[in-house]
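Please look over the structure below. This report covers a helix pair and a set of charged pairs.

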Amino acid sequence: FESNKLGRKVSYSIYLPSDYNTSKRNYPVLYLLHGYTDNETNWIQMGQMKTIADRAIANEEAVPMIIVMPDAWDTYINQYDGKVPYEDMFFEELIPYMEKTYRIRSDKESRAIAGLSMGGYGSFLYSLHHPDMFCACAPLSAAVFDDTVMEARKARSHKDLFNRLFGPGDEHWKQNNVLKILSDWDQNNLPKIRYYIDCGDDDGLLDGNMQVHQIMRQKGIRHEFRVRDGGHSWIYWRTALPEVLKFVSQTFCRS
């Protein structure tokens, strides 16, 4: 669809349950975000999303739902200088477009978000920036860093990307740092979102995910935390997706 905010088209893949064309019902929705260097097709091609979702729904391990996979290129945040306001586009254009175009329920209790790596970070960040929008969030191998790791990446491994996204200084980073947002969260106004966090024991991003787990425990934010055998790979994420679908389905049914 055409995004006025980005000044370009945003491609997306969408999964419709098998009875979509024969029913008149409206469906809950899962926004499923891809990782860095991927696009809107990778969850289908590499993640076998359709096969996994078809099987989970047929076995009644998941409820029939619509799954939206948008292309994010290399970021889910609003770029510091306003040139690429992706997060604004997501909430002000993408979600309204989906709910107008497809039979998607428009209440928080029927909307969930998940993603892998950069998309795990994006799903985490969106749930914290917009806690009134989602009932469930399932970050997989989320690219969550503390300040020390961020400084190293900004100086070396992701120098061009992170400097373009976050700009000079650390002000924009603070606004988009999952660990800081969680740490600063008002104890009396915790997000009413169910979290399912999963990261492999051989994943280089495990430390950040464990820091999230510790902060959530200290704050009393209810969540499921899984560390399974595996690394930062599609083999791992394919085995995670059935549990994600089950988790968000249970949340939809509770609402």
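Is R228 buried, partly exposed or exposed? In this predicted model, R228 is partly exposed, with a relative accessible area of 26%. The side chain of R228 meets that of D198 in a salt bridge. D198 is buried, at 0% relative accessible area.

**Salt bridges**

The count comes to eight salt bridges.

| Pair | N to O distance | Relative accessible area |
|---|---|---|
| R111 and E99 | 2.8 Å | R111 4%, E99 22% |
| E224 and R226 | 2.9 Å | E224 32%, R226 31% |
| D198 and R228 | 3.0 Å | D198 0%, R228 26% |

R111 and E99 form a salt bridge. R111 lies in strand β6 (residues 111-116) and E99 in helix α3, so this pair ties together parts 12 residues apart in sequence. R111 is buried, whereas E99 is partly exposed.

D198 and R228 also form a salt bridge. D198 sits in strand β8 (residues 194-200) and R228 in strand β9 (residues 223-228), so the pair ties together parts 30 residues apart in sequence.

In the pair of E224 and R226, E224 is partly exposed. R226 is partly exposed too.

**Helix pair**

Helix α3 (residues 86-101) and helix α4 (residues 118-129) have axes that come within 12 Å and cross at roughly 65°. The crossing is right-handed. On the α3 side, Y86, E87, F90 and F91 make the contact; L125, Y126 and H129 meet them from α4. The residues of this contact divide into five nonpolar, one polar and one charged.

Definitions and conventions. Residues numbered from 1 in each chain as written. Predicted model: local features only at pLDDT ≥ 70, side-chain atom pairs only at ≥ 80, totals over all residues. Heavy atoms only, no water. Axes fitted to C-alpha atoms, helices over the stretch in contact; angles between N-to-C directions. Helix = DSSP H or I, 4+ residues; strand = E, 2+ residues; numbered from the N terminus. Left-handed = near helix turned anticlockwise from the far one by under 90°. Contact = heavy atoms within 4.5 Å. Nonpolar A, V, L, I, M, F, W, Y, C, P; charged D, E, K, R; others polar. Buried < 20%, exposed > 50% of the residue type's maximum accessible area, 1.4 Å probe, protein only.
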